[in-house]
Amino acid sequence: MEGTILRTEDFSAYYNNNQVLKNITFSTPKNLVTALMGPSGCGKTTLIRCVNRMHELIPDAKVSGKMYLMDKDIYSMEPIVLRRKIGMVFQKPNPFPTMNIYNNVIAGYKLNGIKMPRDNSDAIVEQSLKSAGLWNEVKDFLYRKGTFLSGGQQQRLCIARALAMKPEILLLDEPTSALDPKSTAHIEELIVELKKTQTMLLVTHNIAQAARISDYTAFLYLGELIEFGPTEKMFTVPKDRRTEEYLTGKFG
Amino acid sequence: MERQVQFRLIKNGVFKILVVLLAVICLIPLLLILYYITKNGIAVINWDFFTQLPRPIGESGGGIFNSIIGTIILIILSSIISVPFGIATGIYLSENKEGKLPNTARLCVVVLQGTPSIVLGIIAYIWVVVPFKSFSALSGGIALSIMMLPVIIKTTEETLKLIPYNLKEASLALGVPYYRTILKVILPAGINGILTGFLLSVARITGETAPLLFTAFGNQFMNFNFLKPIDSLPYRIFFYAMSPYPEWHAFAWGASFILVIIVLGFNLIARGISAKWKVQF
Amino acid sequence: MIDNHSAHDTKVLCLNRPFGVADTLPEKRFDKLEKRFATILTLSGLVVVILLLAIFLSLLLYSMPAIKTFGIAFFMGRTWDAAASQFGALPFLVGTLLTSFLALLISIPFSMSISIFLGEYFREGAFSTFLKSSIEVLAGIPSVIYGLWGLFVLMPVVRYMEVKMGVPPYGVGIFTSSLILAVMIIPFSASIGREVISLVPADLKEAAYSLGATKYEVIKRIIIPYARSGMIAGILLALGRAIGETMAVTMLIGNSNFIPQSIFSPANTMASVIANEFAEATGITAASLIYVGLILFIVTTIVNIVGNWIIKKIGIEASREIG
Ligand SMILES: Nc1ncnc2c1ncn2[C@@H]1O[C@H](COP(=O)(O)OP(=O)(O)OP(=O)(O)O)[C@@H](O)[C@H]1O
Ligand SMILES: [Mg+2]
């Protein structure tokens with residue numbers, strides 16, 4: 001693989017001294033999609049939130065082990081700085097209800113107090129919306145509230161918002177699970193398109209989705225990383241019995 | 001058997017009639033009050049009533065300009081004191097659901113809400129009138145601001161609690177510091193509720209007389225000095241109502257009419273805002 | 001907020017630089033603001049606590065001369081005579097108790113009816129909206145206007161009645177005050193009553209209806225027992241308001257510092273005697289009035305805490321049933 005963006009070493013996480021991630025070691029290659037799969041409650045959300053340290057919002061959440069972004073130790077950075085380098089898309093679309101579409105896209109700048117010339121922000125908005133495949137649909141009403149968009153459009157707006165910050169890596173936690181099939185297909189196409197320039201870590205429940213759009217897959221089970229490797233390989237010749245059982249729908 | 005059922009049904013009907021009757025009777029005092037205020041109030045209201053100062057007894061004419069201005073000044077003064085504290089405390093309580101200090105603070109808000117306004121008058125007297133040795137607009141503003149505080153705190157807390165958690169997450173995930181997330185994302189999303197609470201608290205204090213009796217006192221002249229006594233609509237109503245002069249009684253009705261319009265107006269605007277400016281999540 | 005140079009650098013930064021904008025932000029300064037913000041929030045949480053303590057201590061401190069002179073016997077004393085420096089608060093205690101309980105007694109049938117009306121008979125529709133808004137208007141009318149209306153409209157009626165009944169026709173007095181107070185507190189107990197009635201689980205009511213119970217029987221056997229503690233809380237909170245209500249009572253009670261002989265006598269309540277006399281009071285008179293204020297504060301505080309505690313308990317119980 002050509003270059004690694006995110007790398008973990010022996011990474012564990014705990015809620016109230018309950019270990020929910022057990023010595024995870026894996027890495028996400030640059031400009032590829034890495035999928036995190038596993039049955040409900042296996043710790044996918046926890047892992048992805050540890051990457052941008054959002055787990056620190058929960059009291060009594062602890063971690064041990066190492067995690068690196070571009071060879072920099074995540075846990076010795078300022079969380080605020082770290083989060084600006086990492087984009088995150090949530091399960092439920094959450095555009096800012098008080099802002100129009102334009103401001104939603106550059107929310108990362110606005111809310112952080114970065115002022116910039118108008119043509120500069122225009123360029124960022126246009127480029128981000130184009131990358132998120134939303135430009136043609138919203139370019140005529142950029143100044144209307146984002147909450148009037150459909151669920152799928154809202155989710156793409158949230159992707160544009162994350163992309164506007166030019167993140168090193170984009171974290172997506174089941175980004176399509178609250179959407180209808182058509183919007184889901186749209187987002188999947190978008191992810192494939194984005195791969196050219198963007199590293200992504202995608203949590204998904206949907207085995208078929210992982211097969212369709214990911215290059216690497218990590219299979220988590222009860223907080224353990226059971227298997228990690230190229231998606232094609234894992235789906236055709238899984239090494240572990242549990243992976244095979246999961247892929248064939250025996251549980252999860 | 002038949003007769004027993006019939007008896008039960010009759011009891012049911014009688015009870016319903018009783019409930020409806022008693023509920024409707026409650027409307028009678030309201031109608032009577034509004035009727036007398038409107039009838040007697042409109043009779044004295046003219047342009048002079050709004051723009052002139054009170055005249056000594058014996059001279060006809062004059063108005064309550066000083067009371068209207070005084071009420072406005074008192075509202076502004078008490079809002080300046082209570083709004084920043086109220087909103088900050090509301091944020092604190094909505095962000096800290098558990099814990100010793102938040103729970104104690106919540107209890108204190110409840111107690112403050114129920115504290116009789118006359119007691120707050122004594123407090124403002126002790127804290128401001130005694131050291132400055134004079135009744136003053138400031139002391140009245142302090143008393144009223146303590147009355148506004150619990151309303152603003154409660155509505156801010158309730159409003160912010162209802163804002164979806166994922167908005168906060170969205171902001172924090174963009175690397176926005178916590179304080180900016182609160183000020184730029186959470187507060188704007190709850191602005192309608194906070195404004196509503198603010199207007200309700202203003203409505204609550206606009207008609208308050210008891211805490212002004214020995215703080216803002218009253219003043220038949222126009223006054224803009226915060227450290228001097230100031231007039232207000234409710235005080236003027238009280239003063240005129242308790243006087244022996246029929247002319248002044250008539251003025252009390254006129255001032256009441258204006259006061260009721262203002263107070264109900266604030267209530268109406270508050271409801272309008274909470275309905276219209278509702279942020280769609 | 002932001003460094004000057006970043007303004008024209010951003011274009012290059014955002015579109016080309018590998019690390020986006022993160023490194024251009026002055027995070028250290030944010031860090032400081034972050035801490036300051038947290039401190040301000042905690043302080044403002046403390047402010048209400050300190051405020052309440054300060055209120056209590058100020059009342060205590062400034063009533064000390066009276067507490068020292070009269071002690072607890074203050075509440076047994078029947079004379080209140082500023083000229084003789086003789087202060088006993090019994091007349092005001094009696095006045096407060098009589099007016100508030102009489103007002104409560106008068107208001108209960110009405111507030112219960114409104115609660116049942118809005119909580120069970122007509123939960124929706126134009127008429128219930130109208131009644132609800134009217135009750136809110138009733139709650140919004142300033143106390144001094146109730147006083148004015150009572151003085152010039154209600155008082156003559158009561159006086160006429162008193163003449164017919166052969167009691168001294170003061171017009172003002174405990175009875176007149178209680179009537180006005182009753183109207184003023186109806187909205188409070190009614191709105192709490194409506195809320196607790198609407199918390200009664202629907203399946204409980206439906207079970208009774210399906211057994212052939214009439215609405216009256218459901219209200220009597222299911223709703224009232226279920227909502228009883230909430231209604232009591234509503235009545236308690238209304239009592240708290242009645243005890244502390246000042247202006248209307250001050251205008252209608254007749255300002256007499258003697259123990260009332262009947263419910264038609266003029267009297268004074270704790271709140272009204274302060275309103276009537278505090279502005280001119282000095283020395284031990286002022287201290288005695290503040291002493292009365294202190295007791296008023298303590299009584300309303302207890303009533304409010306108990307009332308809210310009951311309501312909170314019901315709220316939690318209700319959410320447990322739903323959840
Ligand atoms: N805030 C929390 N406090 C305590 N335990 C938690 C918390 N959040 C999650 N857990 C526990 O941690 C484990 C992992 O949860 P996580 O949400 O990461 O699972 P997941 O793989 O994302 O599941 P799903 O597919 O359902 O989203 C679960 O057992 C869960 O119960
Ligand atoms: Mg999850």
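**Entry 1: a hairpin in chain A**

I looked up Leu6(A) and found that its bridge partner in S2(A) is Thr28(A). I note that this is a predicted model, in which local features need pLDDT of at least 70, side-chain atom pairs count only at pLDDT 80 or more, and totals for chains, interfaces and linings use all residues. Residues are numbered from 1 along each chain as its sequence is written, chains are lettered from A and ligands numbered from 1 in the order in which they are written, and side-chain values use heavy atoms, with hydrogens and water left out.

Strand S1 (residues 4-15) and strand S2 (residues 18-29) of chain A run antiparallel and are joined by eight bridges. I used the rule that two strands pair if DSSP finds at least two bridges between them. Helices (H or I, at least four residues) and strands (E, at least two) are DSSP runs, numbered from the N terminus. The hairpin of S1(A) and S2(A) has two residues between the strands, and Asn16(A) takes a positive phi near 45° there.

**Entry 2: ligand 1**

I then listed the residues near ligand 1 (a heavy atom within 4 Å). Among them are Tyr15(A), Val20(A), Ile58(A) and Glu174(A). Helix H1 (residues 44-51) of chain A gives the most to this shell, with three residues. By class, I recorded four nonpolar, six polar and two charged residues; Gly counts as polar here, and Asp, Glu, Lys and Arg as charged.

Next I looked up polar contacts, pairs of N or O atoms within 3.5 Å. A polar side-chain atom of Lys44(A) is 2.7 Å from an oxygen atom of ligand 1. For the side chain of Thr45(A), the distance from an N or O atom to a ligand oxygen atom is 2.5 Å. For that of His205(A), the corresponding distance is 3.2 Å. Ligand 1 taken alone exposes 640 Å², of which the protein buries 62%; accessible areas come from the Shrake-Rupley method with a 1.4 Å probe.

**Entry 3: contacts of chain B**

How many residues of chain C are in contact with chain B? I found 75 residues of chain C in contact with 78 residues of chain B, where contact means heavy atoms within 4.5 Å. Chain C and chain B bury about 6800 Å² between them, 83% of it on carbon and sulfur atoms. Buried area is the accessible area (1.4 Å probe) that two parts lose on being put together, summed over both.

Chain A and chain B bury about 1800 Å² between them, 67% of it on carbon and sulfur atoms. In chain A, Phe96(A), Pro97(A) and Leu111(A) lose the most area to chain B, together 28% of what that side buries.

Note on methods: A polar contact is a pair of N or O atoms within 3.5 Å; within protein, one must be able to donate a hydrogen and the other to accept it, and residues adjacent in sequence count only if both atoms are side-chain atoms.
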